[in-house]
Amino acid sequence: MQHLNSEHHRSFSAHQELYYLRMQRMREKTDKMEENKATRKLRVCVATCNRADYSKLAPIMFGIKANPDEFELEVVVLGSHLIDDYGNTFRMIEQDDFDIGSKLHTIVRGEDEAAMVESVGLALVKLPDVLHRLRPDVLVVHGDRFDALALATAAALMNIRILHLEGGEVSGTIDDSIRHAISKLAHYHACCTRTAEQHLIAMCEDHTRILLAGCPSYDKLLAAHHRDDYMDIIRNWLGDNVKEHDYIVALQHPVTTDIKNSIKIYELMLDALISFNKKTLVLFPNIDAGSKEMVRVMRKKGVEQHPNFRAVKHVPFEQFIQLVCHAGAMIGNSSCGVREAGAFGTPVINLGSRQTGRETGENVLHVRDADTQNKIYHALELQFGKRYPCSKIYGDGNAVPRILKFLQTIDLDEPLQKTFCFPPVKEWDISQDIDHILETQSALAVDLGGTNLRVAIVSMRGKIVKKYTQANPKTYETRMELILKMCMEAVIDAVHLNCRILGVGVSTGGRVNPQEGVILHSTKLIQEWSSIDIRTPISDALHLPVWVDNDGNCAALAEKKFGHGKGVENFVTIITGTGIGGGIIQHNELIHGSTFCAAELGHIMVSLDGPECMCGSRGCIEAYASGMALQKEAKRLHDEELLEVEGMVDLKKAESVSAIHLINAARLGNHKAEAVLRTAGMALGVGIINILHMVNPSLVILSGVLAAHYQAPVQQVIGQRALTSAQSIQVLTSDLEEPALLGAASMVLDYTTRRIY
């Protein structure tokens, strides 16, 4: 046996090394998290439902409380803790000096199957308010109780990370189903044995989120079971005449899948104990279905009045450790018998099927078919008074430090959606991807720019399946004719590409009434394009619904569905191209304004006497920072022979001077070009600060050909000139190559698939 224990110790130690190697590989992530520690602690909510799970959770709670610089502890108490018949055990939590944040009365009395279901439902009704108020980063849930299932369900649906203790174990009853269900809801796992860890991996849980910690209760019991006052504790509970190793601890719970048989076993156990004639401490069963009938059996047999028996509802865990450690035997079907008792070598008689499948030491004698009093009595004769080698299958006394380190590695920036590690599946030649069987839902996107007219087939995932490009005609008639021709061609091609066109989205410059599908006023770059009903002719020709919006708004919609704005409630997108435009998403909705010019961001004035803008005003952002404004400045410097520097392409051979030439000149050290770009960046940055101070978005996305050039200067200006509350707002450059087309497509895809637009 000593050899087996040493083998187990080496296995435990080897696995610790593997775990810390994984932690070492996560060092970069941990270093990043360290930067945030000064400003944010990990808010950990520990929820306890009964006396048994508190014995496992309390050591973790003490560990969290002892590290106030790293963690904030919230405690939620529910379940049988708050019932008088079960000892009002919430008081021991208060005696341990923990502040209970919420007490939830969740138990529907009845102690039958229906009451258990109703209790889960009641907990689910009450938990959302508590979790919403506490807003924990991580919820710690233990074990396999129906209360814990309610906790895990509520937390998972409220997007709260879950750490599950003691997952992966097998006990042979409905508890297995509940335990495994909680494991599937949980994001992180702290298990007790190597076998449990392997079970979790076999259940397709991510091995990087599984910690082989050991049982937290072992930290306390291995450190505290050698108390000098243990005889005082024994006499306090069992009387002055009792001796060490000369009494029995009995703890039997109902088996909810076989209540009738479990009550019969309980009755036979009590008969055997009465006949065995030893001092016995009998603990009341838990609150599962069938417990009320078991208590009736106990009282019918007069156990509470019997001189050899002491029936109690609850014993504090520290004292319970001493009682189990020095008992002559423990009998029943409690997990304590197959787990904690092994650490002391206390002989155990396990009755029935409730712990079938648990890993046990040699101290456990199973009586699975406990159908007669004599069989149980004989087991008592075999076990009583023996001592077995101590077993550390369930831990080595260092679980809590491991769990605290594990909590510290949780990256709150990681995606909340958990992934499962399914084993590889053999691919059969006859299998097909769904897209080969069903049509791909797609949109037809149209983008009318100052230079080009583009049409694209865009899939639901934002993939441009096929794109068509032509020069944008100068007159209305030829432009509409070309739009319809290109759209008809795309619709025909879509059939061969297995794409089902759900509708048409149109992105265009200028002011647009999206409700009517009318272009109210166009930019000077697109002629004969004001007061145009574009929806009707396209819809009539293609027999498809049509949506129309401004190109800046479309860029914002593209980011919302496919880009950095996905999942962001409030953000602004700014297009930096030939002109300056953009769109504003506020509370997940695109803002149009009363006359559909809410996001004319390029015409925010940043100077009273600045350069003239194409809108007719002066000092607009567009007059400083647009591609046209930079091209104008590049031509001016070129005419004054101040643009070219060593290393530039000979501009005399170039077709025309553009903004790109200005940017290249600045990169090569041209101070005049640098000054122009500095002014443009300052103007754009000041304009964006005005936006931040007005609508207070959480994110700014720069799109268009000049976005990468402006990102750093704009972020710098915000840091220097914005209000303190707005200085931390991040400025990102868009990753989308075709924002106008994707935004036009998103109008179709969101509406036709019953999303809100």
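Let's start with Phe 384, which is buried in this predicted model, with a relative accessible area of 17%. Phe 384 belongs to an aromatic cluster together with Phe 276 and Tyr 377.

**The aromatic cluster**

- Phe 276 and Phe 384 pair up edge-to-face, with 5.5 Å from centre to centre and 75° between the planes.
- That pair ties together distant parts of the chain, since its two members are 108 residues apart. Phe 276 is in helix α11 (residues 259-276), while Phe 384 is in the loop between α15 (373-383) and α16 (399-408).
- Phe 276 is buried too, at a relative accessible area of 14%.

**Helix α15**

- Which residues of α15 are buried? They are Ile 376, Ala 379, Leu 380 and Gln 383.
- Look down the axis of α15 and its buried residues fall within an arc of 100°, so they line one face of the helix.
- The cover over those buried residues includes α11, along with the strands β8 (247-251), β11 (329-332), β12 (348-351) and β13 (364-367).
- After α15 comes Gly 385, with a positive phi near 85°.

**Other aromatic rings**

- In total, the structure has six aromatic pairs. In one of them, the rings of Phe 62 and Phe 98 have centres 4.7 Å apart and planes at 50°, so this pair counts as tilted.
- Buried or partly exposed? Phe 98 is buried, with a relative accessible area of 4%, whereas Phe 62 is partly exposed at 33%.
- Trp 529 has a charged neighbour: Arg 479 lies over the face of its ring, 4.8 Å from the ring centre.

**Around Ile 178 and Arg 145**

- Ile 178 sits in helix α7 (residues 174-185) and is buried, with a relative accessible area of 11%.
- Leaving aside residues up to four places away in sequence, Ile 178 touches Asp 144, Arg 145, Phe 146 and Leu 149.
- Arg 145 is in the loop between β4 (138-142) and α6 (146-157). Arg 145 is buried, with a relative accessible area of 10%.
- Which side chain does the side chain of Arg 145 meet in a polar contact? That of Asp 288, at 2.3 Å.
- With residues up to four places away in sequence set aside, the residues Arg 145 touches include Asn 50, Asp 175, Ile 182, Asn 286 and Ile 287.
- For a sense of scale, pick Ile 178 and Met 480: they are 302 residues apart in sequence, and their C-alpha atoms are 63 Å apart in space.

**A buried histidine**

- His 592 lies in the loop between β24 (589-590) and α21 (621-625).
- His 592 is buried, with a relative accessible area of 19%; the cut-off for buried is under 20%.
- The side chains of His 592 and Asp 549 are joined by a polar contact of 2.8 Å.

- Most residues other than glycine have a negative phi. Two residues to look at here are Arg 135, with a positive phi near 45°, and Cys 204, with a positive phi near 75°.
- Arg 135 is in the loop between α5 (113-134) and β4, and it is exposed, with a relative accessible area of 55%.
- Cys 204 is in the loop between α8 (194-202) and β7 (210-212), and it is buried, with a relative accessible area of 11%.

**How confident is the model?**

- The chain has a mean pLDDT of 87, and 91% of its residues reach 70 or more.
- Residues 1-8 stay under 50 in pLDDT, and the model gives them seven contacts beyond four places in sequence.
- Residues 428-437 also stay under 50, with four contacts beyond four places in sequence.

Terms used
Residues are numbered from 1 along each chain as its sequence is written. This is a predicted model: local features need pLDDT of at least 70, side-chain atom pairs count only at pLDDT 80 or more; totals for chains, interfaces and linings use all residues. Side-chain values use heavy atoms; hydrogens and water are left out. Rings of Phe, Tyr and Trp (its six-membered ring) pair if their centres lie within 6.5 Å; planes under 30 degrees apart count as stacked, over 60 as edge-to-face and the rest as tilted. Buried means under 20% relative accessible area, exposed over 50%, partly exposed in between (1.4 Å probe, protein chains only). Helices (H or I, at least four residues) and strands (E, at least two) are DSSP runs, numbered from the N terminus. A charge sits over a ring if NZ of Lys or CZ of Arg is within 6 Å of the ring centre and within 35 degrees of the ring normal. A polar contact is a pair of N or O atoms within 3.5 Å; within protein, one must be able to donate a hydrogen and the other to accept it, and residues adjacent in sequence count only if both atoms are side-chain atoms. pLDDT is the predictor's confidence in each residue, from 0 to 100. Contact means heavy atoms within 4.5 Å. The arc is that of the directions from the helix axis to the C-beta atoms.
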